[in-house]
Amino acid sequence: SFKTARFAERRFLWVRRKKRDIISRQRKLSKSVYPKTPNEYTVSENDMKVCKFGGTSMANGGTISRVINIVRSDEQRRYIVVSAPGKRDGNDVKITDALYACFNEKREKGNCDESFDIVRNRFLDIANSLGVDVDLTAVLDDIKSNIENGASRDYCASRGEYLCARLLAAKLGFEFVDTNEIIKFNAEGKLQMHYTLDLIKQ
């Protein structure tokens, strides 16, 4: 019928637009694997820039060195946000996945020795490659202890970004800011915007 045909036509157009949007997003992501410039946002006050680097850009010492060059090439890039290290090759594991494995291994065995070795070795390799002066062993030991003492799944997953940010800040000579200390939520999980903004201003 006419109505059925019109519905099928609209459905086809919607699917085609949806597919086009997905392809567009995939192309944008592929361009950010080794970006010439980061995903960045300019804040009007003093024209400062907030930059975000993804997991592939933070995968090892070599890719992070390129990130450092990008940041240093523009003095307006003053706020840097990073992902956890991604895969170095097709046979590698993402650090976030390794941290989830730590959580699961602790639940099953009571410790996360095997899974955490992957995390430890990757970050020690990155630190050595960058030549940063950070007592990373103590930080890693503390994280492992927290996981084995019942830290949440979200805590485990977030440690990849946390460690990456600490290393990058040390190499750049930037101040490291733990977002846990400045972004606040209430008991219902809603962002406390005014409180958060006050902490950021400090």
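Let's start with one residue. Asp74 is buried, at a relative accessible area of 16%. The cut-off for buried is under 20%, so Asp74 qualifies. Keep in mind that this is a predicted model.

Where does Asp74 sit? In the loop that links α2 (61–72) to β3 (77–82). And what does its side chain touch? The side chain of Lys49, through a polar contact of 2.7 Å.

Now the whole chain. The protein chain has 7 helices and 3 strands. Read from the N terminus, the order is α-β-β-α-β-α-α-α-α-α. There are 202 residues, and 32% of them are buried.

On to the pocket. The largest pocket holds about 1500 Å³ of space. How many residues line it? The count is 38. Nearest its centre lie Tyr79, Val81, Val177, Thr179 and Ile182.

Which elements supply the lining? At least two residues each come from β2 (48–53), β3, α6 (153–172) and α7 (193–201). The top contributor is α6, giving 8 residues.

To recap: a buried Asp74, its side chain in polar contact with that of Lys49, and a largest pocket of about 1500 Å³ to which α6 gives the most lining residues.

Methods: Residues numbered from 1 in each chain as written. Predicted model: local features only at pLDDT ≥ 70, side-chain atom pairs only at ≥ 80, totals over all residues. Heavy atoms only, no water. Helix = DSSP H or I, 4+ residues; strand = E, 2+ residues; numbered from the N terminus. Buried < 20%, exposed > 50% of the residue type's maximum accessible area, 1.4 Å probe, protein only. Polar contact = N/O pair within 3.5 Å; in protein donor to acceptor, adjacent residues only side chain to side chain. 1 Å grid on protein atoms, 1.4 Å probe; cavity = no way out; pocket = protein on both sides within 12 Å on 5 of 7 lines; lining within 4 Å. Points joined across faces, edges and corners; volume = space filled by probe spheres on them.
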